[in-house]
Amino acid sequence: MDKISASTNPVILQSEGLLKYILETSVYPREAETLKELRNATANHPLGFMGTSPDAGQLMALLLKLLNAKKTIEVGVFTGYSLLLTALSIPYNGKITAVDPDRKAYEIGLPFIKKAGVLHKIDYIESPALPVLDKLLDDPANEGTFDFAFVDADKNNYWNYHERLIKLVKISGIVAYDNTLWGGTVALPEMVVSETKREWRRCTLDFNEAISKDPRMELAFVSIGDGLTICRRIC
Ligand code: SAH
Ligand code: CA
């Protein structure tokens, strides 16, 4: 087994002090005003912790621009932090297919999306994502047309999403999976993990293992936010 040095220890990399430092020096000062407002409007939501962390968002924005992404898909919108940052990062004629069954949450973020002037880029579909992806694949013309996909919803379906998105995203396109560290529980023995987190911990472990062996992708498993696995389709 390869040796893990202190400099690669995720506990050290993710310490609160360091995160605060990163956010205060490089993330908050550059965060778009409408994103900040959407984040603040979500802060008191009982599920507010689900919003994408702004440092992970900043990395996503950079990836979208490096890719020159125009056509993207998002699975799991919530109040729209990652959706708005995607909309701000793609060109005027870019398009995002955004899927989530919880329209009420989306409506919390909607005023900020409108204010940012990017609503025309968003095709919001109020639905669980799997049937939407299947419907897209019913038309072979959709295959290999997406530049970028962000998956941030029900973790037990990650592999099902993967099998579909790998066909929808073009070669050299990116699929990014959020929460792949699942609150750090992936590195803990099951018995110390609260029961509510155990099932998704198991799903996350299975997904992480399967994706690490998928020869169709290159990947980087990044210790940012709650873990972001960035995959690039290679064949
Ligand atoms: N990306 C969001 C956070 C998403 S939280 C942000 O940056 O704020 C997870 C979301 O997944 C929730 O809004 C939930 O309604 C949605 N979700 C749950 N099951 C889903 C499914 N089967 N398909 C699509 N979205 C789903
Ligand atoms: Ca998430």
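Author: Let's go through the helix packing and then the ligand. This is a predicted model, where local features need pLDDT of at least 70, side-chain atom pairs count only at pLDDT 80 or more, and totals for chains, interfaces and linings use all residues. Residues are numbered from 1 along each chain as its sequence is written, chains are lettered from A and ligands numbered from 1 in the order in which they are written, and side-chain values use heavy atoms, with hydrogens and water left out.

Reader: OK, at what angle do H4 and H5 cross?

Author: Roughly 30°, and the axes of H4 (residues 54-67) and H5 (residues 81-89) come within 9 Å. Axes here are lines fitted to C-alpha atoms, for helices over the stretch in contact, and angles run from 0 to 180 degrees between N-to-C directions. Helices are DSSP runs (H or I, at least four residues), numbered from the N terminus. H4 and H5 are therefore roughly parallel to each other; angles under 35 degrees count as roughly parallel, over 145 as roughly antiparallel, 65 to 115 as roughly perpendicular and the rest as oblique.

Reader: And which residues of H4 and H5 meet?

Author: From H4, Pro 54, Gly 57, Met 60, Ala 61, Leu 64 and Lys 65 meet Tyr 81, Ser 82, Leu 85, Thr 86 and Ser 89 in H5. Contact means heavy atoms within 4.5 Å.

Reader: How far apart are the axes of H2 and H4?

Author: They are 10 Å apart, and H2 (residues 16-27) packs against H4 at an angle of about 50°. That makes H2 oblique to H4. Leu 19, Leu 23, Ser 26 and Val 27 of H2 make the contact with Pro 54, Asp 55 and Gln 58 of H4.

Reader: Then what about H7 and H8, what's their angle?

Author: About 30°, with the axes of H7 (residues 129-138) and H8 (residues 158-168) 10 Å apart. So H7 is roughly parallel to H8. Among the H7 residues that meet H8 are Ala 129, Leu 130 and Leu 133.

Reader: Switching topic: which residues come nearest to ligand 1?

Author: Thr 52, Ser 82, Asp 100, Ala 129 and Asp 152, out of the 19 residues around ligand 1. A residue is near a molecule if one of its heavy atoms lies within 4 Å of it. Ser 82 is also among the H5 residues that meet H4, and Ala 129 is one of the H7 residues that meet H8.

Reader: Where does a nitrogen atom of ligand 1 lie 2.9 Å from the backbone?

Author: At Gly 76, from a backbone N or O atom. For Phe 78, a backbone N or O atom lies 3.3 Å from an oxygen atom of ligand 1.

Reader: And the Asp 154 side chain?

Author: An N or O atom there is 3.4 Å from a nitrogen atom of ligand 1.

Notes
Helix = DSSP H or I, 4+ residues; strand = E, 2+ residues; numbered from the N terminus. Polar contact = N/O pair within 3.5 Å; in protein donor to acceptor, adjacent residues only side chain to side chain.
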